[in-house]
Amino acid sequence: MLRRDDWIVADHPVLGQPVLPGTAFLSAIADAASRMGLASATVERVTWLRPVVVAAERVVRLVISDQDDARATCELRSDGVLHAAAELRLQAAARPRETIDLHAARGRCDRAIDLAALRARFARSGVGYGP
């Protein structure tokens, strides 16, 4: 059950309406996969179809359905509406996780962005981004 004052939607308004961030769908899939013992699964073919606007209390469900031994379909639904879909690909064996050299990644950044200016730009376009 989501409520408009829950931090996950209250801190992510779009045009004044609390909206569930798309990353919440990915996080829910990762959490569900972990609970199902699927430590070596990957999320693929993510499609966001409709935003989850939380103007009042709203039940949002993650539905995971097996397709075969290697794949499962993931859907984010509320009130009979499909909001997002993805495919969970199951791995036969765990692959080594890719590591990212953060120092090298920062070295590829050619400019700094002023956070206050960026938040103001979001606000002018109707998007709130956290506290």
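This briefing describes the sheet, a helix packed on it, the nonpolar core and a few individual residues.

The model is predicted, so that local features are given only at pLDDT of at least 70 and side-chain atom pairs only at pLDDT 80 or more, while totals for chains, interfaces and linings use all residues. Residues are numbered from 1 along each chain as its sequence is written, and side-chain values rest on heavy atoms, with hydrogens and water left out. Helices (H or I, at least four residues) and strands (E, at least two) are DSSP runs numbered from the N terminus.

**Sheet**

- Four strands form an open sheet in the order β3-β6-β5-β4, with antiparallel pairing, where two strands count as paired if DSSP finds at least two bridges between them.
- At the edges of this sheet stand β3 and β4, each of which pairs on one side only.
- On average, neighbouring strands are turned by 25 degrees against each other, direction ignored; axes here are lines fitted to C-alpha atoms, for helices over the stretch in contact, and angles run from 0 to 180 degrees between N-to-C directions.
- The antiparallel strands β4 and β5 are joined by six bridges, and D66 stands opposite A72 in β5.

**Helix α2**

- Helix α2 packs on the sheet, where it touches β3, β4, β5 and β6, and its direction makes about 150 degrees with that of β3; contact means heavy atoms within 4.5 Å.
- With 14 residues, α2 reaches 21 Å from its first C-alpha to its last, close to the 20 Å expected at 1.5 Å a residue, the expected span being 1.5 Å times one less than the number of residues.
- Residues A24, F25, I29, A32 and A33 of α2 are buried, on a scale where buried means under 20% relative accessible area, exposed over 50% and partly exposed in between (1.4 Å probe, protein chains only).
- The cover over the buried residues of α2 includes α1 (7–10), β3 (41–48), β4 (61–66), β5 and β6.
- Just after α2, G37 takes a positive phi of about 75 degrees.

**Nonpolar core**

- A nonpolar core is a set of buried Ala, Val, Leu, Ile, Met, Phe, Trp, Tyr and Cys residues joined through side-chain atoms within 4.5 Å.
- In the largest such core, which has 15 residues, L20, F25, I29, C74, L76 and L88 touch the most other members.
- The elements that give two or more residues to this core are α2 (22–35), β5 (71–78) and β6, and α2 supplies the largest share, four residues.
- Leaving aside residues up to four places away in sequence, L20 touches L2, I8, V9, H12, V52 and L76.

**Residue V81**

- V81 lies in strand β6 (residues 81–90) and counts as partly exposed because its relative accessibility is 26%.
- Residues up to four places away in sequence not counted, V81 is in contact with R50 and L76.
- The C-alpha atoms of V81 and R111, which are 30 residues apart along the chain, are separated by 41 Å.

**Loop residues with positive phi**

- Most residues other than glycine have a negative phi.
- L15, although it is not a glycine, has a positive phi of about 50 degrees; L15 is placed in the loop between β1 (13–14) and β2 (17–18) and counts as exposed because its relative accessibility is 68%.
- D79, also not a glycine, has a positive phi of about 50 degrees; D79 is found in the loop between β5 and β6 and is exposed, with a relative accessible area of 62%.
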